[in-house]
Amino acid sequence: MTQAVSLEVLVPGVLAGTVLAEDDDEALLALFDDPAVRPATGAHVRAVMVASLDGAATGPDGRSGSLADAADHRVFGALRALADVVLVGAGTVRTEGYGDVQVPPRLRAARAARGRAERLEMAVVTATGAVPEAVLDAGAIVVTASGAPALAALRDRLGDDRLIVADPPGRDAGPAGRVDVAGAVRALAARGLTRIHAEGGPHLLQELLAVGAVDELCLTLAPQLVGGLARRPLVGGDPTPPGRGLAPLAGTTRLELLHLLRGGDTLLGRWRVA
Ligand SMILES: NC(=O)c1ccc[n+]([C@@H]2O[C@H](COP(=O)([O-])OP(=O)(O)OC[C@H]3O[C@@H](n4cnc5c(N)ncnc54)[C@H](OP(=O)(O)O)[C@@H]3O)[C@@H](O)[C@H]2O)c1
């Protein structure tokens, strides 16, 4: 849902003080359109997350939606409108109750004018194959690996058209069904889905960063403090149980600030992975 809220540009300096009026969708889209695809993958991967000021990726209800406000909805909707595919982990799909993914109606004409397909695709990464029926019914692509126990059932349900099998190189698979996320990105690009909007969650995002597959991070800093043991935007290790997800990225990932927007008390940053 895109909501009417104006946004002020803080960075880059040449645009500082520019106000993106609440009905000026074109100016907002132009800020984020159209990053170059990376030759190695044929794709551009934009990770899109929200966090509280104390670093929580979920609000008190265990979902990210309670961190998001109108400013975040506006930018999130614009980023979806510019994408070919939403790439998301099955944990997020289950927790957040995903069905279909939508481009905000008021941005559909601007999306079409840029030559994007009418339909925004969704690709769900899973080892278990536990993807809600509502998501399968909506026509999602499922990304899994050949060791996944549910592979045959998924193939029967979806056919090859809606299934991507991305095995780790050399079949050094680790847990059954573990997806090679770099291979998944290449497979999406090979289907013409080159502008990849990665909505998390924290496990999938860390995996994508670990293999160098993320080109850009759009992170909203919500003016809230959550405290407790809330999940951070990146979580490594075995996804279940959550407390075991403690492995950090190997080495530090440096990022370069491209944009910083302000909507009320919310800061919306865009960084390029260096
Ligand atoms: N703040 C934000 O912007 C934001 C964004 C998204 C989500 N969230 C929150 O994050 C929480 C969910 O966290 P999460 O870390 O569990 O989310 P997640 O990364 O979406 O889901 C993890 C699951 O994704 C699948 N997966 C990830 N990497 C895989 C790989 N390499 N191979 C095979 N499967 C893979 C597995 O699914 P299976 O279990 O099916 O095998 C795994 O259990 C929710 O509370 C949600 O609200 C926050």
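In what order do the strands of the open sheet stand? Keep that question in mind while you look at the model, which is a predicted one.

Here is the order: β2-β1-β10-β11-β9-β3-β8-β4-β5-β6-β7. That makes 11 strands, and their pairing is mixed. Now look at the edges. β2 and β7, residues 163-165, each have a single partner strand, so one side of each has no neighbour in the sheet. Helix α2, residues 70-81, packs on this sheet. It touches β1, β3, β4, β8, β9, β10 and β11. Its direction makes about 35 degrees with that of β11.

A quick reminder on sheets. Strands pair through backbone hydrogen bonds, either parallel or antiparallel.

Let's take β1, residues 7-11, as our example. On one side, two bridges join β1 to β2, residues 19-20, and the two strands run antiparallel. There, Glu8 stands opposite Val19 of β2. Three bridges join β1 to β10, residues 255-263, again running antiparallel. In that pair, Val9 stands opposite Leu261 of β10.

How many residues does the largest nonpolar core have? The count is 73. Those with the most contacts inside this core are Ala47, Val124, Val143, Val185, Ile196 and Leu208. Pick Ala47. Leaving out residues up to four places away in sequence, Ala47 touches Ala198, Leu205, Leu208, Val214, Glu216, Leu217 and Cys218. Notice that Leu208 is on both lists.

Val185 takes us to helix α7, residues 181-190. Seven of the 10 residues of α7 are buried, so the helix is largely enclosed by the rest of the structure. The buried ones are Val181, Ala182, Gly183, Ala184, Val185, Leu188 and Ala189. Just after α7 comes Gly192, with a positive phi of about 85 degrees.

Now a single loop residue. Is Tyr98 buried or exposed? Tyr98 lies in the loop between α3 and α4. The cut-off for buried is 20 or more other C-beta atoms within 10 Å. Tyr98 has 21 such neighbours, so it counts as buried. Beyond residues up to four places away in sequence, Tyr98 touches Val93 and Val135. Compare Val48, which is 50 residues from Tyr98 along the chain. Their C-alpha atoms are separated by 16 Å.

On to the ligand. Which residues come nearest to the ligand? Of the 35 residues around it, the answer is Gly89, Gly91, Thr92, Gly200 and Gly201. The elements giving two or more residues to this shell are β3 (44-52), β4 (85-89), α3 (90-96) and α8 (202-210). Helix α3 gives the most, with five residues. By class, the shell has 16 nonpolar, 13 polar and six charged residues.

A cis peptide bond joins Gly200 and Gly201, with omega about 5 degrees. Gly201 is found in the loop between β8 and α8. Why point this out? Because most peptide bonds are trans.

There is also a cis bond between Asp33 and Asp34, where omega is about 10 degrees. Asp34 has its place in the loop between α1, residues 25-32, and β3.

Thanks, that's all from me.

Notes: Residues are numbered from 1 along each chain as its sequence is written. This is a predicted model: local features need pLDDT of at least 70, side-chain atom pairs count only at pLDDT 80 or more; totals for chains, interfaces and linings use all residues. A residue is near a molecule or strand if its C-beta atom, placed from the backbone, lies within 6 Å of it. Helices (H or I, at least four residues) and strands (E, at least two) are DSSP runs, numbered from the N terminus. Ala, Val, Leu, Ile, Met, Phe, Trp, Tyr, Cys and Pro count as nonpolar, Asp, Glu, Lys and Arg as charged, and the others, Gly among them, as polar. A nonpolar core is a set of buried Ala, Val, Leu, Ile, Met, Phe, Trp, Tyr and Cys residues joined through C-beta atoms within 7 Å. A residue is buried if 20 or more other C-beta atoms lie within 10 Å of its own, exposed if 12 or fewer, and partly exposed in between; C-beta atoms are placed from the backbone. Two residues are in contact if their C-beta atoms, placed from the backbone, lie within 7 Å. Two strands pair if DSSP finds at least two bridges between them. Axes are lines fitted to C-alpha atoms, for helices over the stretch in contact, and angles run from 0 to 180 degrees between N-to-C directions.
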